Amino acid sequence: MTIAENTAGTLSGIRKSGAHHKLLAFGSLIVLVAVFSVASPNFLQTNNVIAILQATSVNGVLAIAATLVIISGGIDLSVGTLMTFCAVIAGVLLTFLGLPMVVGIPGALLAGFASGALTGVLITRLRIPPFIATLGMMLIYKGLSLAICGAKPIYFNDTPGFTDISTGSLIGAIVPALPIPNGVLILFLVAFGAAFVLQRTALGRYTFALGSNEEALRLSGVGIDSWKIAVYAVAGGICAIAGILLASRINSAQPAIGQGYELDAIAAVVIGGTSLSGGRGTMLGTMIGALIISVVANGLRILSVPQEWQIVVTGSIIILAVYTDNLRRRGA
Amino acid sequence: MEARERPPLVSMAGVDKSFPGVNALRGARFELRSGEVHALMGENGAGKSTLMKILAGIYQRDRGAVLIDGRPAALGSPRAAQELGIAIIHQELSLMRDLTAAQNILIGREPRRAGGLLLDEAALNATAADIFRTIHLALDPRTVVRGLTIARQQMVEFAKALSYRSRVLIMDEPTAALNDAEIAELFAIIGKLKAEGVGIVYISHKMDELKRIADRVTVMRDGETVGTLPAAETPVETVIAMMVGRKLTDEAAEAPDLSAAPVALEVRGLTRGRWIRDVSFDLRRGEILGFAGLMGAGRTEVARAVFGADPRDAGEILVHGRKVDIRQPRDAVRAGIGYLSEDRKQFGLATGMDVRNNIALASLSRFTGLGGVLDESAMREVAGRYIETLAIKTPSDRQETRLLSGGNQQKVVIAKWLLRDCDILIFDEPTRGIDVGAKSEIYKLLTGLAAQGKAIVVISSELPEILRLSHRIAVMCEGRITGFLPAGTSQEDIMRLATRRNTDADEIRRAS
């Protein structure tokens, strides 16, 4: 009887503490929003809220890709430059080759998917640790992007409607009071899709299992290599979505940017409570984490805090988030 | 008669397997009939687990034949073995701790819906619940494994193996973490499976279990099969003699007169949440104090709190009469307390490092010269000394400890604490996963350490072990010490104290 009681107690403890963390992150977000809206009347203006969401869209999508990989027990440093590489591929297909969007967009997505799969192959077949494999790929994508473009941006002026992908507003067309840009809509769709995959599909189940105990999964007769490759491939595809979003927003593929985005993405994942050792994490947490980063950046900018200090604050938040998570775990 | 005609379920012959530096198996053979429980015994390193891992498709044999139903079997991967109906329950738990019990059990075979696109959680949990019912396990299939006790995790592993509807079930020390009631439950299930014609390979070091459930026993030694005998007619002494090549005697410890010996460790009113309730005891130099109790009685928790690995709510710890403030393991080690945890691989050993470095690990400052450079030759010399005095079986002090057998790993950890000059040593399940021969060596070692004046606490779930070693026995139940017993006491007395729950609380619960 006592064993059963203990088990029930521990179980509800785990459920409670899991919810607790999301509550904590969500609470911090609310507090931040409250503080900034008191400090500046401009903060909660519709335009500013939309600007925050729009600013979250690219990092948010990248963070979703990073979350998948991190839950599986890996790490992906190449998400930022892969995003740029896919934007460049879109530029080649749409601008250089003049292909229509129905070919160009899927082409860019396919490039991301295939690149991710290649990373997965490096990790599983060649047994290169994820940190090294994705560090190498990060540089390869960066170099390739610059080489393809001749180090100059590719503009999408010949592709009408390309900028609408990110900055147009389907929702606004239906409900004029809610001019939410498509980029934000796509962010939420990707997040829901990824959460659904994690919770309801075999790929999601094996993502958690890989991060929790890879050897146990192997001994259970599951072919772990192909699932791991699938995780990186899906993450790569999601990076391509981020690339198209970014290119559409600035109407160009900028080959020089991308590096550094991976760290913002990982920061969002960590603030959202996903364990860097794998096995645990949620998309909701990552979304909150990404929003916290944008809210802080936007709020501090409105308060005219110099950008240098915004970066310092973001760094502090990462450390604080993980520290409170540790406190909670020890207390539980 | 017909059974004679039928080929055995499993037949392995001439199986060789070598790992770098070790010939793990040399011409090993093994046979399993359907509907039998076949005990596989042997010292650690004898090759039992290796042979079974070959059968389960985890290792590939170098040479030899494996026949299933008389036909050559391809066992290239765990999945291939599963498809032939072979399942293994691992000695070291191999569950995915972040997944639920049901998700673990059906991993790789999840029920699907929507044309195979989506997982069917409802069906998943229902299937797991069905399996739990057949083994009388009261557990919510949605429970995350991380929160379960070791015993319950083991039951989940067991449920997982059963779920494959296997014809061959390999159990590697399944009772190591179970209490008597759980063991009885397990044996009942084994009986049922046997009646259904499942062939069961049972690896264990516990002799009494051999008599209780096995039909035949195969003994291995040094990678070879010594012989196969009917379990009922074979005396335990014969089996042991086959395993170790010599006879062993099992007798109770004799308590030396320690009334004049100074008290080395004194614990007063130790309390930690609901795990430890007002625990007090003292331990004299030269004494071995056994801690007995059922799973979850709080013995390990007491050891961890004394060692500073867990925080305590209240209580004092005195070492050699002086109060010490132990907040973390480092404080305990400074006070001369060494803790040898039950999970050597996770807590006691740096398995990727060699024997030499593991022994020196807690005393590195002693080998550190100018500019922080380590004196390797001094380390080699010291390691060599311990390898000799503790008879650690290893090719050299450069061997990685993960390649050693359980008993030898244990000795490396002991050497580490001895070198650190610890004179209070706490052993948590010192012989868990260790074979009979190495067990008696560890016993001899502990008794010898006590004779040299070390103060020793031994935590063990095996009563014969407690009785064999202890000069005095503290029995715990639900976080309290329910009594102390002298050496030479009976198992019955221990069990009585181990089940003495807080009766007041029981009355209240019953009344309400």
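Buried means under 20% relative accessible area, exposed over 50%, and partly exposed in between (1.4 Å probe, protein chains only). This is a predicted model, in which local features need pLDDT of at least 70, side-chain atom pairs count only at pLDDT 80 or more, and totals for chains, interfaces and linings use all residues. Residues are numbered from 1 along each chain as its sequence is written, chains are lettered from A in the order in which they are written, and side-chain values use heavy atoms, with hydrogens and water left out.

**Stop 1: two alanines**

Select Ala391(B). Its phi is positive, about 55°, although the residue is not a glycine. Ala391(B) sits in the loop between helix 14 (376-389) and helix 15 (406-419) of chain B. Helices (H or I, at least four residues) and strands (E, at least two) are DSSP runs, numbered from the N terminus. Ala391(B) counts as partly exposed because its relative accessible area is 40%.

Now go to Ala151(A). Here too phi is positive, about 60°, in a residue that is not a glycine. Look in the loop between helix 5 and strand 1 (154-155) of chain A. With a relative accessible area of 53%, Ala151(A) is exposed.

**Stop 2: the nonpolar patch**

Stay on chain A. Select Phe96(A), Leu97(A), Leu99(A), Val102(A), Val103(A), Ile140(A), Leu144(A) and Ile148(A). Together they form a nonpolar surface patch with about 710 Å² of accessible area. Patch residues have over 30% relative accessible area and no salt bridge; nonpolar side chains (Val, Leu, Ile, Met, Phe, Trp, Tyr) are joined within 5 Å, like charges within 9 Å. Areas come from the Shrake-Rupley method with a 1.4 Å probe; for residues, only the protein chains shown count as cover.

Helix 4 (101-124) and helix 5 (130-149) of chain A each supply at least two residues of this patch. The largest share, 3 residues, comes from helix 5. Ile140(A) is in that helix. It is partly exposed, at 43% relative accessibility.

**Stop 3: salt bridges**

A salt bridge is a side-chain nitrogen of Lys or Arg within 4 Å of a carboxyl oxygen of Asp or Glu. The count over all chains is 30.

Select Arg63(B) and Asp16(B). Their side chains meet in a salt bridge at 3.1 Å, N to O. Arg63(B) lies in strand 4 (residues 63-68) and Asp16(B) in strand 1 (residues 10-19) of chain B, so the pair ties together parts 47 residues apart in sequence. Which partner is buried? Asp16(B) is, at 19% relative accessible area. Arg63(B) is exposed, at 53%.

Next, pick Lys411(B) and Glu441(B). They meet at 2.5 Å, N to O. This pair links helix 15 to helix 16 (residues 436-451) of chain B, 30 residues apart. Lys411(B) is buried, at 4%, while Glu441(B) is partly exposed, at 29%.

Then show Glu266(B), Arg268(B), Asp282(B), Glu287(B) and Arg472(B). Salt bridges with shared partners join them into one network.

**Stop 4: a cavity**

Finish with the second largest cavity, which holds about 50 Å³ of space. Select Phe281(B), Phe291(B), Arg299(B), Val302(B), Ala303(B), Val306(B), Ile426(B), Val457(B) and Ile459(B) to see its lining. A cavity is a set of points on a 1 Å grid over the protein atoms alone where a 1.4 Å probe fits but cannot get out; lining residues have an atom within 4 Å of a point. Helix 10 of chain B gives the most to this lining, with 4 residues.

Methods:
1 Å grid on protein atoms, 1.4 Å probe; cavity = no way out; pocket = protein on both sides within 12 Å on 5 of 7 lines; lining within 4 Å. Points joined across faces, edges and corners; volume = space filled by probe spheres on them.
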